[in-house]
Amino acid sequence: FFVIMAVLYAKREIGNGGDPALWVGLIGIAFYVSSDLFKGVSGGFINPATALAQNIWQNITVKLDPNHEWAMWTFEYTICCLLGPLIGGFVGGTVYNFT
């Protein structure tokens with residue numbers, strides 16, 4: 001949600017003559033804050049494809065080290081990591097369109 005909102009507002013402001021460096025910096029800050037906010041949950045991944053790749057890799061390797069801290073990934077956790085960013089992007093675009 002935050003990243004989509006930052007990108008859409010930056011695109012609008014740059015198109016209206018805003019300083020591109022300022023708005024690209026805002027996008028970078030939005031990425032940093034989003035990844036830092038969710039690093040304890042998903043390792044900081046805000047991209048569903050990356051979360052899926054991480055989950056697949058961890059499910060393959062958990063058999064080698066079942067006591068590892070990432071062994072808690074379950075099917076439900078995977079669905080949340082995949083649907084969360086998609087729903088957030090949809091809501092971010094919808095809120096931008098309404099504002």
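Author: The structure holds one salt bridge, a term that stands for a side-chain nitrogen of Lys or Arg within 4 Å of a carboxyl oxygen of Asp or Glu. The partners are Arg-12 and Glu-13, whose closest N and O atoms are 3.1 Å apart. Side chains of opposite charge can pair when their charged atoms come close. Glu-13 counts as partly exposed because its relative accessible area is 23%, and Arg-12 is partly exposed as well, at 33% relative accessibility; buried means under 20% relative accessible area, exposed over 50%, and partly exposed in between, with a 1.4 Å probe and protein chains only.

This is a predicted model, in which local features need pLDDT of at least 70 and side-chain atom pairs count only at pLDDT 80 or more, while totals for chains, interfaces and linings use all residues. Residues are numbered from 1 along each chain as its sequence is written, and side-chain values use heavy atoms, with hydrogens and water left out.

Of the 99 residues in the protein, 24% are buried. Among contacts with a separation of 6 or more, 58% join residues 24 or more positions apart, a contact being heavy atoms within 4.5 Å. Leu-83 lies in helix α5, and Leu-83 is partly exposed because its relative accessibility is 43%.

Definitions and conventions. Helices (H or I, at least four residues) and strands (E, at least two) are DSSP runs, numbered from the N terminus.
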